[in-house]
Amino acid sequence: MTRIAAVHGVLAPYRHRQRDLTDMVARACLPAGADRRALDRLHAGALVDTRHTALPLHRYVEPADFGTVNDAYIAAAVDLGTEAVAGALGEAGLSARDVDLVLFTSVTGIAAPSVDARVAGRLGMRPDVRRLPLFGLGCVAGAAGLGRLHDYLAGWPDQVAVLLSVELCSLTFQRSDASPANLVATALFGDGAAAVVACGTRRAMGAAGPSEGAGSAAAAGRAGAAQGAGPVVVASRSRLYPGTERLLGWDVTASGFRVVLDPAVPDVVRKHLAADVDGFLAEYGLARRDVTRWVAHPGGPKVLDAVAEALDLPDGALDVSRRSLASAGNLSSASVLHVLRDTLAADPAPPAGTPGLLLAMGPGFCTELVLLRW
């Protein structure tokens, strides 16, 4: 099975109180002299205390075309992505040359060559490293990316794979747009990145990778560091709901990515999630009561409430997700990986051998479930 060797999260350099972000949005989106009380209530109701942005706040009220904003995305994404991957590899006791696959996901900017290629060059990964950039999965991509990493390592059990998520949601900000969807997005989303280092079964058991010989002490030491560092991925399940394409996503316009965000998202979660989770767990002889850790994407307070209600979770089951939302906002695909990192760091650790479930939702509309075992 796939062993999670390390998870490392980073946040964009500029940290702001929610109130300061609300003031900026009011200046940029509302007509002069407009009543802003509804905006203030909306931002307060997001239950976000602080968020991080890739640029200083004054840059967001200045006119800028899509190309200029996307150039800023590329520069910041490469910096944050490099920091996240280097941090995760260091925690796993591995080097950049040990990496066999980089799976990169983002939905807040575009680049060719892709961000993963630029990060690989900065870190000195091997020239034969495999790369798989993904676009369009949005918030679900942290969970889906972990699932696809597991799929890959099932076929290449002696290898090391890295999942990198970089989301600079602030750079999709639409000036002069007072639509409900845009204002909700300005209340919730922040900027950050996360990287997961995962090892296949044979690698986790101590087999050397292609960059060093099987008898190398360094290889054995790094494999030993990776072994047992985190839970294993048992399986994943994808669920796409037909006819829900306009619930969540982007309209791509001359000014960039304009958010599509339907208020019915929590209702869809309440309608479908319990049956999806129960069916998935049942395949492995499990029920909800067996799950010791719930690693849920913090999509927003209403989404987290819907998850808790749909699954009838005990009080406190989503506290790590709620704290992540309060301290950094919704980081799109990176958020569930930040929650995973914080779950791994929390005391006490789950009993060995017990199951956990990582889950996220995103454009499609869809759900991704990842079964973990400690």
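1. Start at Cys139, in the loop between strand S5 (130-134) and helix H5 (141-155). Helices here are DSSP runs of H or I with at least four residues, strands are runs of E with at least two, and both are numbered from the N terminus. UniProt lists Cys139 under "active site", in an unreviewed entry. UniProt positions follow the numbering used here, feature names are shortened, and such annotations may be inferred rather than shown by experiment.

2. Before going further, a word on what you're looking at. This is a predicted model, where local features need pLDDT of at least 70 and side-chain atom pairs count only at pLDDT 80 or more, while totals for chains, interfaces and linings use all residues. Residues are numbered from 1 along each chain as its sequence is written, and side-chain values use heavy atoms, with hydrogens and water left out.

3. Is Cys139 buried or exposed? Cys139 counts as buried because its relative accessibility is 9%; buried means under 20% relative accessible area, exposed over 50%, and partly exposed in between (1.4 Å probe, protein chains only). Leaving aside neighbours within four places in sequence, Cys139 is in contact with Phe189, His297, Asn330, Ser332, Ser333, Ala360, Met361 and Pro363. Contact means heavy atoms within 4.5 Å.

4. Next, helix H6 (180-188). Seven of its nine residues are buried, so H6 is largely enclosed by the rest of the structure. Those buried residues are Ala181, Asn182, Leu183, Ala185, Thr186, Ala187 and Leu188. They pack against helix H1 (18-29), H2, S3, strand S10 (256-261), helix H10 (301-311) and helix H11 (319-328).

5. H10 tells a related story. Eight of the 11 residues of H10 are buried, so this helix, too, is largely enclosed by the rest of the structure. The buried ones are Pro301, Val303, Leu304, Ala306, Val307, Ala308, Ala310 and Leu311. The partners they pack against are H2, H6, helix H9 (265-282), strand S11 (293-296), H11 and S12. Just after H10, Asp312 takes a positive phi of about 50 degrees.

6. Some backbone details deserve a look. Where are the cis peptide bonds to check? One joins Ala112 and Pro113, with omega about 5 degrees, and Pro113 sits in the loop between strand S4 (101-105) and helix H4 (115-123). Another joins Asp347 and Pro348, with omega about -5 degrees; Pro348 is in the loop between helix H12 (335-345) and strand S12 (355-362).

7. Then there are positive phi values in residues other than glycine. Leu47 has a phi of about 60 degrees and belongs to the loop between helix H2 (37-45) and strand S3 (50-53). Leu47 counts as exposed because its relative accessibility is 51%. Ser176 also has a positive phi, near 60 degrees, and lies in the loop between strand S6 (160-168) and helix H6. At 61% relative accessibility, Ser176 counts as exposed.

8. The C-alpha atoms of Pro63 and Ala28 are separated by 10.0 Å, with the two residues 35 apart along the chain.

9. Now zoom out. The chain has 12 helices and 13 strands, and buried residues make up 57% of its 374 residues. Among contacts between residues at least 6 apart in sequence, 80% join residues at least 24 apart. Along its principal axes, the C-alpha trace spans about 70 × 45 × 35 Å.

10. Finally, the domain records. UniProt places "domain: Chalcone/stilbene synthase N-terminal" (unreviewed entry) at residues 71-197; that stretch is 43% helix and 20% strand, with its end C-alpha atoms 28 Å apart. UniProt also has "domain: Chalcone/stilbene synthase C-terminal" (unreviewed entry) covering residues 235-373. That span is 36% helix and 27% strand, and its end C-alpha atoms lie 10 Å apart.
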